[in-house]
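Colleague: I would like to learn how to read a model like this one, a feature at a time. Could we start with the loops and work inwards?

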Amino acid sequence: PISIVGLKSGKVIGCELLARFEDKISPLYPDEFIPIVSELDMSWEMTEHLILQAVEDFKDIKLGDTRFYISINVFPRDINNGNILKGIMLLKDISPNIQICFEVTEDEELHFSKVGNTLEALSKCAIKISIDDFGTGYSNLSQLKLLDINTLKIDKSFVDEVETGSIRSTLIPNIVSIADKLGANIIAEGIENKLQVKELLKMNIEFGQGWHYSKALPLKEFKHYLINNSDYTFDE
């Protein structure tokens with residue numbers, strides 16, 4: 001997992017699950033194995049495994065009255081073909097204080113005119129939808145207005161140059177405006193230093209993730225990090 005943090009408090013409020021694959025030779029990263037998964041048409045099998053793993057990994061988290069946010073990346077094709085609805089049953093026994101969000105990357109096109117009912121069914125079961133790498137891909141405001149989008153994630157390429165006031169970074173307020181129109185939250189990705197945090201807070205961005213807080217960690221290390229940097233604990 002990689003932490004998702006409240007920028008004002010600096011406390012962890014959730015995480016994004018990142019897939020890694022390790023064979024007998026070495027670990028493989030997503031840009032190496034995701035194309036193979038897509039080519040083999042095994043995207044849903046992989047997503048199902050991640051969902052079940054998330055349910056197992058966080059079954060012992062103690063939340064009190066607060067909610068813990070878990071974001072799971074999904075393939076647009078599994079929304080387009082309706083496979084994603086199988087996730088409702090997979091998540092039926094998860095703690096009500098864990099907020100699951102399916103994160104959709106913009107690098108593959110959603111069939112916006114056809115997936116409204118699918119996303120509405122997820123929403124009725126309290127599953128949120130996030131658009132990853134927003135501003136770099138296919139979606140636009142008129143399309144997003146048709147859908148029940150909970151979160152827009154600002155791509156790292158916008159955040160990288162926020163200290164210098166580059167043309168790209170000056171587009172961030174426009175993304176904030178789009179999120180306001182959609183009633184959506186914003187998470188800034190790839191935060192690497194305090195100055196970026198300061199600038200993002202000036203733009204009314206509440207949440208972020210990146211190496212400034214933590215790198216992606218194996219589950220055991222993430223649990224220790226979470227206990228030390230949040231209000232959450234785990235049952236022994």
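**Reading the loops, a helix and the core**

Modeller: Asparagine 204 sits in the loop between helix H9 (194-202) and strand E11 (207-208). Helices (H or I, at least four residues) and strands (E, at least two) are DSSP runs, numbered from the N terminus. This is a predicted model, in which local features need pLDDT of at least 70, side-chain atom pairs count only at pLDDT 80 or more, and totals for chains, interfaces and linings use all residues. Residues are numbered from 1 along each chain as its sequence is written, and side-chain values use heavy atoms, with hydrogens and water left out.

Colleague: Is asparagine 204 buried or exposed?

Modeller: Buried means under 20% relative accessible area, exposed over 50%, and partly exposed in between (1.4 Å probe, protein chains only). Asparagine 204 has a relative accessible area of 64%, so it is exposed.

Colleague: What is the phi of asparagine 204?

Modeller: Most residues other than glycine have a negative phi. Asparagine 204 has a positive one, near 65°. Alanine 126 also has a positive phi, near 65°. Alanine 126 lies in the loop between helix H5 (116-124) and strand E8, and is partly exposed because its relative accessible area is 42%.

Colleague: Where is asparagine 81?

Modeller: Asparagine 81 is in the loop between helix H3 (76-80) and helix H4 (86-90). Its relative accessibility is 47%, so asparagine 81 counts as partly exposed. Its side chain reaches the backbone nitrogen of asparagine 83 at 2.9 Å. That is a polar contact: a pair of N or O atoms within 3.5 Å, where, within protein, one must be able to donate a hydrogen and the other to accept it, and residues adjacent in sequence count only if both atoms are side-chain atoms.

Colleague: Now a helix. Which residues of helix H1 (residues 30-39) are buried?

Modeller: An α-helix has 3.6 residues a turn, so residues three or four places apart point the same way. In H1 the buried residues are Phe33, Val37 and Ser38. They fall within an arc of 145° seen down the axis of H1, so they line one face of the helix. The arc is that of the directions from the helix axis to the C-beta atoms.

Colleague: What do the buried residues of H1 pack against?

Modeller: Contact means heavy atoms within 4.5 Å. The buried residues of H1 pack against strand E3 (21-22), strand E4 (27-28), helix H2 (43-57) and H3. The face turned away from that buried side carries exposed Asp31 and Glu39. Just after H1, aspartate 41 takes a positive phi of about 55°.

Colleague: Is lysine 153 buried or exposed?

Modeller: Lysine 153 is in strand E9 (residues 151-154). It counts as buried because its relative accessibility is 0%. Its side chain makes a polar contact with the side chain of glutamate 103 at 3.1 Å. Serine 130, in strand E8 (residues 128-134), also counts as buried because its relative accessibility is 0%. Leaving out residues up to four places away in sequence, serine 130 touches residues including Tyr69, Glu103 and Lys153.

Colleague: Which residues touch the most other members of the largest nonpolar core?

Modeller: A nonpolar core is a set of buried Ala, Val, Leu, Ile, Met, Phe, Trp, Tyr and Cys residues joined through side-chain atoms within 4.5 Å. In the largest one, of 64 residues, they are Phe58, Phe68, Phe102 and Ile205. A second, separate core of 5 residues includes Ile4, Tyr69, Cys101 and Ile187. Beyond its neighbours within four places in sequence, phenylalanine 68 is in contact with residues among them Ile13, Phe58, Phe222 and Tyr232.

Colleague: And the whole chain: how many helices and strands are there?

Modeller: There are 10 helices and 12 strands. The radius of gyration is 17 Å, close to the 18 Å that the globule rule gives for 236 residues, so the protein chain is as compact as a globular protein of that length. This radius is taken over C-alpha atoms, and the rule is 2.2 Å times the number of residues to the power 0.38. Of the 236 residues, 47% count as buried. Among contacts with a separation of 6 or more, 70% are between residues 24 or more positions apart.
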